[in-house]
Amino acid sequence: MNLNKQQMRILYRNLVRADHLNRMMYQRMLQGKLIGFYHPSDGAIAPGVAAASFLNKDDNLSPHHRGHGITHMLSKGIDIKYYLAEHTGKDTGCCGGRSAFHFSFPEHKVYMMSGFIGYNFAPSVGWGWAAKRRNLGQVVMNCSGDGSYGQGRAHEALLMATNWQLPIIFYCENNGMAIHSEISEMHPTEDVSSLAQGYGMPAMVIDGQDVFACAEAALAAIEHARKGKGPTFVEAKTLRIKEHDMGTPDLRGWEARSEEEKLALMQRDPLVLATTRVLAEGVLKQDAIDQLHEEASREVQEIEDFADSSKIARPSEEQLLAAAFAP
Ligand SMILES: Cc1ncc(C[n+]2csc(CCOP(=O)(O)OP(=O)(O)O)c2C)c(N)n1
Ligand SMILES: [Mg+2]
């Protein structure tokens with residue numbers, strides 16, 4: 001599936017925005033202006049941009065926790081200012097400032113982000129089942145890391161999605177690591193997507209640093225699902241340039257990852273690669289690229305102003321209990 005220039009411009013713009021927003025989140029965490037924690041997405045923004053840029057408002061999206069899903073949400077067209085206000089503990093946040101990282105945007109069919117790795121597999125099967133019953137061509141984009149495929153529920157989801165031919169895209173953002181563990185310790189084959197073979201599900205392995213390759217795969221999988229042809233497994237091989245989460249030492253096993261290694265990884269930053277390509281193929285000129293960066297800086301400023309000028313959330317006990325789920 002070849003992308004047209006308009007699609008490439010959409011992807012490039014979202015990549016620039018994701019890059020600026022990730023830097024803003026890292027900076028705010030250092031300044032003590034975020035509640036909770038932050039898992040930086042440096043080097044890993046291409047898969048999320050590609051997975052979500054061409055979804056419809058009516059499609060379900062469960063974002064990956066890296067970058068706290070901002071990349072995915074902004075690409076789906078969600079206004080991130082309510083997210084940042086949430087993450088800053090303000091009453092204008094999307095969940096009234098009560099959830100921080102554990103947000104939801106039900107009106108955009110982003111129902112939750114959870115600290116529980118693999119949280120999204122079981123609900124995705126339910127959303128997929130509902131979408132199939134409604135028969136309106138909706139799809140479910142289930143994004144998660146390589147580490148989540150160690151969860152038993154991932155396998156149950158792959159099985160049921162194929163048995164019932166549900167419109168789900170299992171979109172694995174494989175950065176080869178889960179906190180300090182390397183994938184070779186956790187997974188018996190080189191490609192996580194080899195799991196799909198056991199369930200008779202089509203699978204693709206793509207360069208997760210190349211936003212355009214990621215989008216071609218995502219679009220093919222989305223089209224397949226919309227036509228009622230069932231689930232697809234997409235594995236984007238990506239990188240983790242920084243630490244797992246801010247404040248945790250950046251180790252591989254018991255060894256610190258070297259600065260030289262990280263500098264080498266930066267050469268494959270998705271924005272660097274995409275910039276080379278859009279210029280070479282005449283998709284964008286340098287002045288248009290500069291303008292996109294200026295717009296993204298302005299967007300970041302506006303979002304921060306909104307969050308910083310909002311009131312601190314002070315929910316009453318009643319409000320807190322009303323939002324809690326007790327089985
Ligand atoms: C059920 C569960 N087990 C363990 C953890 C601790 N934990 C948080 S992030 C993480 C690694 C996840 O790795 P991966 O899915 O590959 O995503 P990445 O962080 O590499 O992007 C783990 C083990 C958790 N949050 N939930
Ligand atoms: Mg990982």
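The radius of gyration used here is taken over C-alpha atoms, and the globule rule is 2.2 Å times the number of residues to the power 0.38. This is a predicted model, in which local features need pLDDT of at least 70, side-chain atom pairs count only at pLDDT 80 or more, and totals for chains, interfaces and linings use all residues. Residues are numbered from 1 along each chain as its sequence is written, with chains lettered from A and ligands numbered from 1 in the order in which they are written.

**Figure 1. Overall dimensions of the protein.** With 327 residues, a compact globule would have a radius of gyration near 20 Å, and the 19 Å of the protein agrees. The C-alpha trace spans about 55 × 50 × 45 Å along its principal axes. The protein has 13 helices and nine strands (DSSP runs, H or I of at least four residues for helices and E of at least two for strands, numbered from the N terminus).

**Figure 2. The largest nonpolar core.** This core has 80 residues, and those with the most contacts inside it are L15, M141, I169, V211 and V234. Helix 9 (residues 211–226) gives the most to this core, with nine residues. A nonpolar core is a set of buried Ala, Val, Leu, Ile, Met, Phe, Trp, Tyr and Cys residues joined through C-beta atoms within 7 Å; buried means that 20 or more other C-beta atoms lie within 10 Å of the residue's own, C-beta atoms being placed from the backbone.

**Figure 3. Surroundings of ligand 1.** The shell has 15 residues, the closest being R66, I117, G145, G147 and A178 (C-beta atom, placed from the backbone, within 6 Å of the molecule). Strand 2 (140–145) and strand 4 (177–178) are the elements that give two or more residues to this shell.

Definitions and conventions: A residue is buried if 20 or more other C-beta atoms lie within 10 Å of its own, exposed if 12 or fewer, and partly exposed in between; C-beta atoms are placed from the backbone.
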